[in-house]
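Good morning, and thank you for the time. I would like to take you through a few local features of one model, with the structure on the screen.

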Amino acid sequence: MMTFTLKSLGLLLGLLPAAALAADETGMLDYLEREQARFAGIADAIWEQAELGYLETESSGLLQETLAAEGFAIEAGVAGLPTAFVASYGSGEPVIGLLAEFDALPGISQTAAPHREEDPDKHSAHACGHHLFGAGSTAAAIAVRHWMEDNGIEGTLRLYGTPAEEGGSGKVYMVRAGLFADVDAVLVWHPSDRNAANPATTLANKSAKFRFRGISSHAAVAPERGRSALDGVEAMNLMANMMREHMPQESRMHYVITSGGSAPNVVPDFAEVFYYLRHPQASELEQLWERLVATAEGAAQGTGTEMDFEVIHGNHSVLPNETLAQAMYANLNQVGGVEYDIEDLAYARELAKSLQGNADDLAAAAARIEPMELEQGMGSTDVGDVSWQVPTTELRAATWVPGTAPHTWQAVAAGGTAIGSKGMMVAAKSMALTAADLFQDPELVRAAQREFLQRRGEDFEYRALLGDREPPLDYRR
């Protein structure tokens, strides 16, 4: 009786090219199995550091040292970003890129416990799993590098160390600097509560800090002499919230007041509010942005204050590529989802008590592979700008307990356990296999490029949504 692996079945169904099986890829998987503890240790070290955007000195340095020791040439501090780097191996074509992130989020603290337990010594944490992201992509790159050498594979492999994804748009500056100009395809992954390789898009996103300046005075003795900068912020927020009623329903807008004064009896002469605005289409986002700026200008005029704003970041939506997604999907199915052992399941059940709408069968949910279908995501990422420069596809792996949302303490907690590292290795193996397919099959690369050009359109001209500003290296200080 004839039997088939998932990869050979994908070959018969036309999901994978014949050349994809030309060189033995089992060595990559064996390598990643043997080295899982090593890469989990790297992820744990970055999890402990929890460094914020553009401040990831130790985290970036650890990944660079790891890659350099494995024979990669390192170019550090690229695009004017001290913690960004490009690690390269090989030469010639094709040029295949992997992305690695490593920044944490501010304002959240959590140990690896399955219940709410803040770490009093930390004020930031990996609530989006970028410690796993960076370590997993590094693992994949090293496995592919050894496979290339062992099998005489020609081409260039690059791992891009990309800082400050969370609101800093690190990749945008790298795109703007032309670092992806000669790349044929890019593979990326992200931590999640599920396993998926379906083509997906995101919302374009733009942010700014709106700063109001007034006149301070004693709020009781001489209120008529004051002009409250906080009034300016509150007036802007009021009008922005009215604006919500007249925005397309797929839009998103959120803000935090980052400075509002220090004492109630002092009329504040400075106040600041930080806004995010999102829409699936960059052109529509720009029109909404003009309306938001107008609310700030009107608020300043109405409160007798002055206003200026600083654009902090801007990301295009992700341009999906179904050709690459199909190849990644076949490889994810070959690797399989995350398998819980008894300890993992006990941990997941305890943590799931704090979740709403979590899966009844947590082990089955963690092992399941989501179906292939085009998905409109509601988040945003600077991967979007990369995807408008080069064919790109993204994988998600279940590094969190099913039902967990990103940017939560539950994501931080699971990301510091074996559940996180097991999901990371699912991603590393799937990415490594897909990179191998791209190196071996020129037609797969050409097909991805054809789809990319068709989706992007002949008249597309890239323009960074954050304009020509210099990187905001101090935005997290």
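Let me begin with Glu 166, which sits in the loop between strand S6 (155-161) and helix H6 (170-176); helices (H or I, at least four residues) and strands (E, at least two) are DSSP runs, numbered from the N terminus. The model is a predicted one, in which local features need pLDDT of at least 70 and side-chain atom pairs count only at pLDDT 80 or more, while totals for chains, interfaces and linings use all residues. Residues are numbered from 1 along each chain as its sequence is written, and side-chain values use heavy atoms, with hydrogens and water left out.

Is Glu 166 buried or exposed? Glu 166 counts as buried because its relative accessibility is 7%, where buried means under 20% relative accessible area, exposed over 50% and partly exposed in between (1.4 Å probe, protein chains only). Setting aside residues up to four places away in sequence, Glu 166 touches Asp 103, Ala 104, Leu 105, Cys 128, His 130, His 407, Tyr 475 and Arg 476; contact means heavy atoms within 4.5 Å. Between Glu 166 and Leu 105 there are 7.1 Å in space, C-alpha to C-alpha, although they are 61 residues apart in sequence.

Beyond its neighbours within four places in sequence, Ser 59 contacts Ile 46, Gln 49, Glu 51 and Phe 102.

I turn now to helix H7 (residues 229-243). Its buried residues are Ala 229, Gly 232, Val 233, Met 236, Asn 237, Ala 240 and Met 243. Seen down the axis of H7, they fall within an arc of 130 degrees and so line one face of the helix, the arc being that of the directions from the helix axis to the C-beta atoms. What covers them? Among the covering elements are strands S9 (204-213), S10 (252-259) and S11 (270-279), together with helix H8 (282-303).

Finally, a helix pair. The axes of H9 (residues 322-335) and H15 (residues 442-456) come within 8 Å and cross at roughly 140 degrees; axes are lines fitted to C-alpha atoms, for helices over the stretch in contact, and angles run from 0 to 180 degrees between N-to-C directions. H9 is therefore oblique to H15, given that angles under 35 degrees count as roughly parallel, over 145 as roughly antiparallel, 65 to 115 as roughly perpendicular and the rest as oblique. On the H9 side, Glu 322, Thr 323, Leu 324 and Ala 327 meet Leu 444, Ala 447, Ala 448, Glu 451 and Arg 455 of H15.
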